[in-house]
Amino acid sequence: MKMAALFHALADPTRLLILVHLKTGEHMVKELTEHLGLAQSTVSAHLACLRESDLVSVRTQGRASLYSLAETTQLTTILAQAEKLASSSVSGHRWHEAHPHQSLEV
């Protein structure tokens, strides 16, 4: 069950972009909404999914919630392997063509 939740969390391009942003360090929801150009409620829902999968952790500082990657080394390994699998398979969707200014590297 936990493995299914992990793959569900990694299956969404927006959640992958959030993980990429969190690689640079802690971010508040407001910062992520500005980076991604999405509504606060959308980013919060994606962060909740990532938290449920133990990919993201949160800490409070005053009234602010700061999000960061939970397991940087393990997550980097998972995403690197996934990118290798994706690049070696024939796929109808090509990540880099659809998102030319974004990288999956975490």
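This is a predicted model: local features need pLDDT of at least 70, side-chain atom pairs count only at pLDDT 80 or more; totals for chains, interfaces and linings use all residues.

Trainee: Which side chain does Asp54 meet in a salt bridge?

Mentor: The general idea comes first. Side chains of opposite charge can pair when their charged atoms come close. Here, Asp54 forms a salt bridge with Lys2, at 2.5 Å from N to O. This pair links distant parts of the chain, 52 residues apart: Asp54 sits in the loop between α4 (40-52) and β1, while Lys2 belongs to helix α1 (residues 2-10). As for Lys2, its relative accessibility is 59%, so Lys2 counts as exposed.

Trainee: How many salt bridges does the count come to?

Mentor: The count is 3 salt bridges. Another of them joins the side chains of Arg59 and Glu26, at 2.6 Å from N to O. That pair also links distant parts of the chain, with Arg59 in strand β1 and Glu26 in the loop between α2 (13-22) and α3 (29-36), 33 residues apart. Arg59 is partly exposed at 38% relative accessible area, and Glu26 is partly exposed at 35%.

Trainee: Where do Glu34 and Lys30 lie relative to each other in helix α3?

Mentor: Glu34 and Lys30 are 4 residues apart in helix α3, so about one helical turn separates them. They form a salt bridge whose closest N and O atoms are 3.3 Å apart. Both Glu34 and Lys30 are exposed.

Trainee: Now the strands: in which sense do β1 and β2 pair?

Mentor: The pairing is antiparallel, with 6 bridges between β1 (residues 56-61) and β2 (residues 64-69). Their hairpin has 2 residues between the strands, and Gly62 in this hairpin takes a positive phi near 65°.

Trainee: Is Ser68 buried or exposed?

Mentor: The cut-off for buried is under 20% relative accessible area. Ser68 has 18% relative accessibility, so Ser68 counts as buried.

Trainee: Which residues does Ser68 touch, not counting those up to four places away in sequence?

Mentor: With that exclusion, Ser68 touches Leu22, Glu26, Leu55, Val56 and Ser57.

How values were computed
Residues are numbered from 1 along each chain as its sequence is written. Side-chain values use heavy atoms; hydrogens and water are left out. Two strands pair if DSSP finds at least two bridges between them. A salt bridge is a side-chain nitrogen of Lys or Arg within 4 Å of a carboxyl oxygen of Asp or Glu. Buried means under 20% relative accessible area, exposed over 50%, partly exposed in between (1.4 Å probe, protein chains only). Contact means heavy atoms within 4.5 Å.
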